[in-house]
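Open the structure in your viewer and keep the sequence beside it. The tour starts at one side chain, then moves out to the whole chain.

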Amino acid sequence: MPGPSDSSSSPAPVRTPARRVSVDPQGPVLIEGPVEIVLDDGTVARSDRFVVAVCTCRRSRTYPWCDTSHRCRERGGPPPEDRNPG
């Protein structure tokens, strides 16, 4: 039985670089890529971009990728004034 000083029993584990994930409470999750996401049906979506925006609201037409559908839509400004009040 090998003792604690026997280094030939198993190699040191290889440490995989960590991915940085940023969570925006009002928007998507940003993940440093490349990224593979396993969807509910088992299919895999992959992006090779250096940062990927992952949808968390499920409103995106490009789900699982964010298309900014979570943003509130605002109108351009007040309606024009009626110049001929009658």
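Which backbone nitrogen lies 3.0 Å from a polar atom of the side chain of Ser60? Select Ser60 and Thr62: the nitrogen is that of Thr62. This is a predicted model, in which local features need pLDDT of at least 70, side-chain atom pairs count only at pLDDT 80 or more, and totals for chains, interfaces and linings use all residues. Residues are numbered from 1 along each chain as its sequence is written, and side-chain values use heavy atoms, with hydrogens and water left out.

The side chain of Ser60 reaches its backbone nitrogen at 3.4 Å.

Now show the surroundings of Ser60. Leaving aside residues up to four places away in sequence, Ser60 touches Cys55, Trp65, Cys66, Asp67 and Ser69 (a contact means heavy atoms within 4.5 Å). Ser60 is buried, with a relative accessible area of 9%; buried means under 20% relative accessible area, with a 1.4 Å probe and protein chains only.

Strands are DSSP runs of E with at least two residues, and helices are runs of H or I with at least four, numbered from the N terminus.

Finally, colour the whole protein chain by secondary structure. It has zero helices and five strands. Of its 86 residues, 20% count as buried.

Conventions: Buried < 20%, exposed > 50% of the residue type's maximum accessible area, 1.4 Å probe, protein only. Polar contact = N/O pair within 3.5 Å; in protein donor to acceptor, adjacent residues only side chain to side chain.
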